Amino acid sequence: MSDGAFDSGAVLAALARYPSLASGAARVAVVGGFVRDVWLGREPRELDLVVEGDAVALARSLGGEVVVHEPFGTASVTGDGWLIDLAMARRERYPVPGALPQVEPASIEEDLVRRDFTVNAIAVTLGRGELLAAGHALEDLARGQLRVLHERSFIDDPTRLLRLARYAERLGFAVESSTAGLARDASLETLSGGRLGGELRLVLAEPDPLAVLARLAEQLPIAIDRSIVETALALAPPESDRAMLILGALTRQEDWLAGLELTVRERDVALACATANVPADTTPSALWRAWRGVPIEAVAVAGARGDGDAARRWIEELRHVRLEIGGDDLIAAGLGEGPQIGRRLQRTLAAKLDGELAAGRKAELEYALGGEG
């Protein structure tokens, strides 16, 4: 594809829904996925701007809510229905493989060659609409293929392995032969748990995360089982954390999962899903004892691996069962405070779950007051 075949005007026209990006003396360009997706006729997922100069100052001039990331001279601005990421044009140096880069100011042209793939190394300057592209970028975009910009790309930043899988699947692009070879020889071992966890969140947010993960099966301790995951997702209620359900259901190594820098809630869900199973006794009271403190996502995975009917009954019905009485009712009836109150209530709830009680407060109270505490 020649430069003339690329419509810079279409890229600038696609900025209509964003605020005015006038930058004064600074040279600013739209770059990366926005440019790529406009050329492909796709709806851009994000807007990235690269600035020769102070990107943070430009961000603050846009009138939205600004979040600054000082070490890299970058900022994100959120407004009414829009999000813009701005970065200082820079060159990078990686002190050790997998580490965050050390950066220094550079031109937009220099900034393009430090990017992940050639199809993301295309920019259009604001105002003049000047097209800038790294070597092979326009050709690769026309051919629909992914190519790294240098041989150490995956060594310097192994997160690019996950991005390679995401872009290949989402865009339907082939992987250029030398890039495929470099990816096969690369490893994620130098990545911190924080960086890997962050990239996995992006993978799990893709339209078909299982297809992306299948491309990474040799580099991650996961076993792809689409049937298990799809069944679990069908069982899980709408409020479930579907990303952590998928991650936990596919993970083969709990210690690896525990080493990812996830939130406490995310880690609890993923680890519970990794070890989920249906108890041998599936009476309602037994399910309550087994699953009352278990994330609902793990129950869905357990059902997908074993007794789906038991999991469905828990999710749709049993977990919502409550007593009409409480501890105050037992104390008002003459029982002293103490552990026996909780034991009697639990015993009564088990009987209610198993259908051994007539409906209503009276039956519950009589049952709770009877027998030993």
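**Figure 1. Arginine 152, at 44% relative accessibility, counts as partly exposed in this predicted model.** Its side chain meets that of aspartate 156 in a salt bridge, with an N to O distance of 3.3 Å. Aspartate 156 has a relative accessibility of 11% and counts as buried, because buried means under 20% relative accessible area.

**Figure 2. A salt bridge joins arginine 215 and glutamate 169.** The closest N and O atoms of the pair are 2.8 Å apart. Arginine 215 belongs to helix α10 and glutamate 169 to helix α7, so the contact ties together parts 46 residues apart in sequence. Arginine 215 is partly exposed, with a relative accessible area of 43%. Glutamate 169 also counts as partly exposed, at 31% relative accessibility.

**Figure 3. Salt bridges with shared partners form one network.** The residues joined are Asp116, Asp157, Arg160, Arg163, Arg195 and Glu199. The structure as a whole holds 32 salt bridges.

**Figure 4. Arginine 27 and glutamate 52 meet through their side chains in a salt bridge.** The N to O distance is 2.7 Å. The pair links distant parts of the chain, with arginine 27 in strand β1 (residues 27-31) and glutamate 52 in strand β2, 25 residues apart. Arginine 27 is partly exposed, its relative accessible area being 25%. For glutamate 52 the relative accessible area is 25%, and this residue is partly exposed.

**Figure 5. The largest pocket has a volume of about 1300 Å³.** It is lined by 37 residues, of which Asp48, Arg90, Arg114, Arg163 and Glu199 are the closest to its centre. Elements giving two or more residues to this lining are α2 (33-40), β2 (47-52), β4 (74-78), β5 (83-88), β6 (90-93), α7 (159-171) and α9 (193-204). The largest share, six residues, comes from α7. By class, the lining of the largest pocket has 18 charged, twelve nonpolar and seven polar residues.

Figure 6. Helix α7 gives the most, with four residues. The lining of the second largest pocket divides into eleven nonpolar, three charged and one polar residue.

Technical notes
Residues numbered from 1 in each chain as written. Predicted model: local features only at pLDDT ≥ 70, side-chain atom pairs only at ≥ 80, totals over all residues. Heavy atoms only, no water. 1 Å grid on protein atoms, 1.4 Å probe; cavity = no way out; pocket = protein on both sides within 12 Å on 5 of 7 lines; lining within 4 Å. Points joined across faces, edges and corners; volume = space filled by probe spheres on them. Nonpolar A, V, L, I, M, F, W, Y, C, P; charged D, E, K, R; others polar. Salt bridge = Lys/Arg side-chain N within 4 Å of Asp/Glu carboxyl O. Buried < 20%, exposed > 50% of the residue type's maximum accessible area, 1.4 Å probe, protein only.
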